[in-house]
Amino acid sequence: MPDARSFLEVIKPKQTTLLMVTCVVAYTIALKLYQKPFLPSHFAATFTATILAVAGTTALNMWLDSDIDALMCRTRHRPVPSGRLSPVGCALYGLVLFVAGFGLGLLVNAYLALVLLLGLFFDIIVYTIMLKRKSPYSIVLGGLAGAMPCLAGWTAAAGRIELAGILAAAIILLWIPAHIWYLSMYFEEDYRNARIPMLPLVVGMERASWAIVLSVAFMLVTVAVLFFVAPLSVLYFVTSTAVVSYFLYRAVKFALSPSREKAKQMYKLASITLGVVYLSMLIGTISG
Ligand code: HEM
Ligand SMILES: CC(C)=CCC/C(C)=C/CC/C(C)=C/COP(=O)(O)OP(=O)(O)O
């Protein structure tokens with residue numbers, strides 16, 4: 001019988017937590033923008049639907065990737081490759097979670113359910129099945145999955161999507177290259193053994209690093225423009241532009257002299273950067 005820890009591990013708690021931060025913050029901004037009241041039951045239904053769908057999608061990704069996970073030092077101890085959870089058990093677990101989230105999402109509104117479905121589509125069909133094992137640009141299209149929890153929160157609260165919501169999601173899209181390509185530089189041997197063609201392995205660390213610099217530069221512009229189209233305080237503008245400017249400075253410095261060891265630090269700094277940007281959005285909305 002698999003232990004409870006296995007069921008937690010296959011939903012990548014740290015990743016799911018930051019994904020849910022983007023969902024909650026987008027929900028809060030949209031409520032403020034449309035001057036809608038905060039209804040605890042509506043928020044609880046939205047949060048529960050989204051976290052179930054995200055967790056289910058992640059478990060399905062773990063099931064489908066269990067063969068290549070067994071080839072990587074970083075992932076070989078995961079529940080499925082290590083035999084603590086059967087592939088069928090992981091697949092069923094993921095399916096039940098996603099269907100429950102999607103069903104609850106339908107009760108909130110059709111937009112939310114559609115966005116949750118798009119998250120599953122871009123993560124499982126586009127990224128995991130179609131691109132991850134074939135294309136160095138897998139995370140560019142696959143990254144759209146990562147923007148869906150943000151759009152889920154926005155559309156659940158607003159019942160529609162428009163520029164501010166799209167910009168909030170774009171911040172995540174522009175962040176994903178730093179999130180993954182620095183990680184793949186550090187775990188280069190792992191990705192080579194598993195034959196996953198992440199961009200740094202195909203074009204080299206230096207060229208991939210400059211692609212990340214370009215992406216972070218656009219991320220900086222996006223966090224600044226969001227200030228002018230969403231109900232956010234100056235605190236958001238100052239904090240988010242400062243933290244992304246620092247990240248951009250570090251990304252340029254890394255690109256000038258890339259190394260595996262420094263890539264791990266940049267990977268960790270990337271998560272902190274996105275976390276601070278989104279938390280400054282939250283504080284900027286509540287205090288604004
Ligand atoms: C195509 C999109 C994405 C891919 C391919 C991806 C992939 C990964 C990988 C490979 C890891 C390392 C996991 C491990 O070693 O156990 C990871 C960790 C993580 N991901 Fe993602 N991710 C994506 C999108 C996102 C998004 C959109 C967010 C948040 C908004 C996110 C947040 C995190 C966090 C917080 C961690 C843990 C970081 C740490 O250990 O310090 N990811 N992700
Ligand atoms: C609304 C909704 C359902 C959204 C989905 C959000 C979500 C789970 C985004 C994560 C994207 C992703 C492809 C992660 C797995 O990467 P990987 O397989 O490269 O990671 P790994 O190597 O650590 O397994």
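This is a predicted model: local features need pLDDT of at least 70, side-chain atom pairs count only at pLDDT 80 or more; totals for chains, interfaces and linings use all residues.
Tutor: Helices are DSSP runs of H or I with at least four residues, numbered from the N terminus. Residues are numbered from 1 along each chain as written, chains are lettered from A and ligands numbered from 1 in written order, and side-chain values use heavy atoms, without hydrogens or water.

Student: Which helix gives the largest share of the shell around ligand 1?

Tutor: A residue belongs to the shell if one of its heavy atoms lies within 4 Å. Here H8 contributes 6 residues, the largest share, and 23 residues surround ligand 1 in total. The closest are Gln15, Arg74, His179, Ile180 and Lys268.

Student: Which residues coordinate the iron atom of ligand 1?

Tutor: Donors are N, O and S atoms within 2.8 Å of the metal (3.2 Å for Na, K and Ca). Gln15, through OE1, and His179, through NE2, coordinate the iron at 2.1 Å. Glutamine 15 sits in helix H2 (residues 13–33) and histidine 179 in helix H8 (residues 163–186), 164 residues apart.

Student: What geometry does the site of the iron atom have?

Tutor: Six donors count as octahedral if opposite donors are over 155 degrees apart and all others between 65 and 115. The iron site, with 6 donor atoms and angles of 80 to 179 degrees, is octahedral.

Student: Is histidine 179 buried or exposed?

Tutor: Buried means under 20% relative accessible area, exposed over 50%, and partly exposed in between (1.4 Å probe, protein chains only). Histidine 179 is buried because its relative accessibility is 13%, whereas glutamine 15, at 31%, is partly exposed.

Note on methods
Four donors count as tetrahedral if all angles lie between 85 and 135 degrees; four count as square planar and six as octahedral if opposite donors are over 155 degrees apart and all others between 65 and 115; anything else is irregular. Helices (H or I, at least four residues) and strands (E, at least two) are DSSP runs, numbered from the N terminus.
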